[in-house]
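Hi there,

Here is the structure I promised to pass on.

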Amino acid sequence: MTRRPAFWLWAVMCVLGLWIAVSAMDAQVGEFTTGAVAGFALLAPVLAAGVWGLRRLHPVRPRPLGYALIAVAWGGLAAFGTALPANAAFQAIIAKTAGPQFNADWGASIAAPVDEELLKLAGVAVLALMAPRAVRGPLDGWGYGALAGLGFQIAEDFLYVLNTIVLTGGTQDANAAFFTFGGRVIGGAWWSHWAMTAVGGAGLGCLLGRASRSTAALACGSLVLAMALHAWWDSPLLPGVALLPVKGAPILLAAVVTYRLARRHYLSRFRRAAREETARGVLLPGEDRVLAFRRWRRKERWDVPGGEPRRLLARLRTAELDLLEDGFGGLEPDPPAADRLRTEITVLRRRLNAARAGPIRPGAVPPDHHPDAARPDSA
Amino acid sequence: MRVKWWGTGLVVLVLLILGLMLPLVDKALGSSGTAIAAGTVIAVGTERAGGVRPVTFTVPAAGWVLDEARSSLTNNAELSRDEVVFNLNVVIPLGSLDDRRLWNGFGRIVSMGGGELRGGPEPITTAHGMDGLTGPLAGHGKIGSGTVFARDDLGAEITASGPPEAYRRLAGQVRAMVLSVEFAP
């Protein structure tokens, strides 16, 4: 990964973004330390919970932690730091050309969607360029877009804590942190940056998974939709706290619908690939069902002795899942990878059979399960 | 060329346009401002029903320029003349607010920007009968004054500063603007 230019772009932009953000906030943090510490203490668990939840929002297996953290760091450091001067300049241009009154009303809803959605979405592209296997389709784009958006959201929430302290005339420190937390996290996190960038990310994921005119159009369309949702949220339309849920509902709905479509797309390709590999004899009959359910994969490990056999089983399942996802696409297809994985699966299966002490067949459905009652997302 | 190079180049291009080109365009447009006529009333704060902003002040003489890029009007308005900068920030309290408390918070905000409130504040009463506190401030080779007005649900913080000579010349007009501050009921 470190030999790819995108890795160094990611690293440089994260450092640069951090430097810009610290330069912009260090005076406030130094003067309002209590509020800053309270804000950090409130927001850090939200970030951790968000990363945990968004990683697991996948029907078959959680997203790798390393890739998730790359996306979060891009959103919270690179995109956020770059957005500070970009937004200020864009709004200054609007104020100078259209007047301060227009800028006060509409400036944020014009500048922020363009700057921030492009910057956050760039995180999905950078991740795909760093690790082409990370983004193979809309579901990956959705997930890493959401994670980049989450990083941005938490960084912005912290800035709002500091801004709220200033807005209260420096009279409230901790209260400003609690107020911001209530308004922007409890009241507003459901339809914030993560949701908008998830929508844009799903479209970009289509394009990165398989480049064609239709996926390019889909990527452009989803980016425009993400910008439109962002503009709608920032616009002066439907003002007032009571109407925020009404204003936020379309954003959350768009993210949920996009997820459902991306998930359906993923599962249909997953099942097709599993059928093909079963017909080829790489997967054993019934093994595709175990692979599709996280809970079943966990349970089958209980029937395998600890130590080497259990490690081999885990490696076997990982190799099988990698094989099924290999044909999904990505920026840099690796045609020999499938054959490599098939060979690896054969070797692992042989070693597992040799090492296994118990009588369980790898891939056998645990006896206490009723497949009809389970769903792929039940884990 | 492989996608890892041109793809990364494309991302760099987007970053350059947003992070570098926008600030350059802004700079190229210059520090445009709107010349304010004598007697103009400037309104600041979040718009209420009927499009009314709750804090107003009057510009007493011609020659002041409203900095469009640095005036959000929702939170603040910034005027300048001969290097003297007059800035009014609206304060939204989360709890009870009074002049003394706001003055203490105001001191922290001024010191955050590298300035300092000098000496204890003096009471001030606007032309509309609103009481507040005012005192001198200094920093970065400039002198000026700071003023706060507080009400239970609204406040205003005003800083005016500039090079000593210019500030002394315009101090009368600055004071007139401060004394014209009015909160909508």
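Let's start in chain B, where strand β5 (residues 76-81) and strand β6 pair in the antiparallel sense over 6 bridges. Two strands count as paired if DSSP finds at least two bridges between them, and the strands (E, at least two residues) and helices (H or I, at least four) are DSSP runs, numbered from the N terminus.

Before going on, a word on the source: this is a predicted model, so local features need pLDDT of at least 70 and side-chain atom pairs count only at pLDDT 80 or more, while totals for chains, interfaces and linings use all residues. Residues are numbered from 1 along each chain as its sequence is written, and chains are lettered from A and ligands numbered from 1 in the order in which they are written.

Back to that pair. β5(B) and β6(B) make a hairpin with 2 residues between them, and Asp82(B) in the turn has a positive phi of about 50 degrees. Arg81(B) has Val84(B) in β6(B) as its bridge partner. β6(B) also pairs with strand β11 (residues 154-162) of chain B, again in the antiparallel sense, over 7 bridges. There, Val90(B) stands opposite Ala156(B) in β11(B).

Is β6(B) enclosed or open? Strand β6 (residues 84-91) of chain B is largely enclosed by the rest of the structure, because 6 of its 8 residues are buried. Buried means that 20 or more other C-beta atoms, placed from the backbone, lie within 10 Å of the residue's own; exposed means 12 or fewer, and partly exposed is in between.

Now for chain A. Helix α3 (residues 65-98) has a kink of about 35 degrees centred on Trp74(A); the bend is the angle between axes fitted to the seven residues ending there and the seven starting there. α3(A) is mostly covered, with 27 of its 34 residues buried. Just after α3(A) comes Gly99(A), with a positive phi of about 100 degrees.

Finally, the two chains together. Their contact takes 40 residues from chain A and 41 from chain B, where two residues are in contact if their C-beta atoms, placed from the backbone, lie within 7 Å. On the chain A side, α4(A) gives the largest share, 10 residues. That side has 25 nonpolar, 10 polar and 5 charged residues. Here Ala, Val, Leu, Ile, Met, Phe, Trp, Tyr, Cys and Pro count as nonpolar, Asp, Glu, Lys and Arg as charged, and the others, Gly among them, as polar.

Cheers
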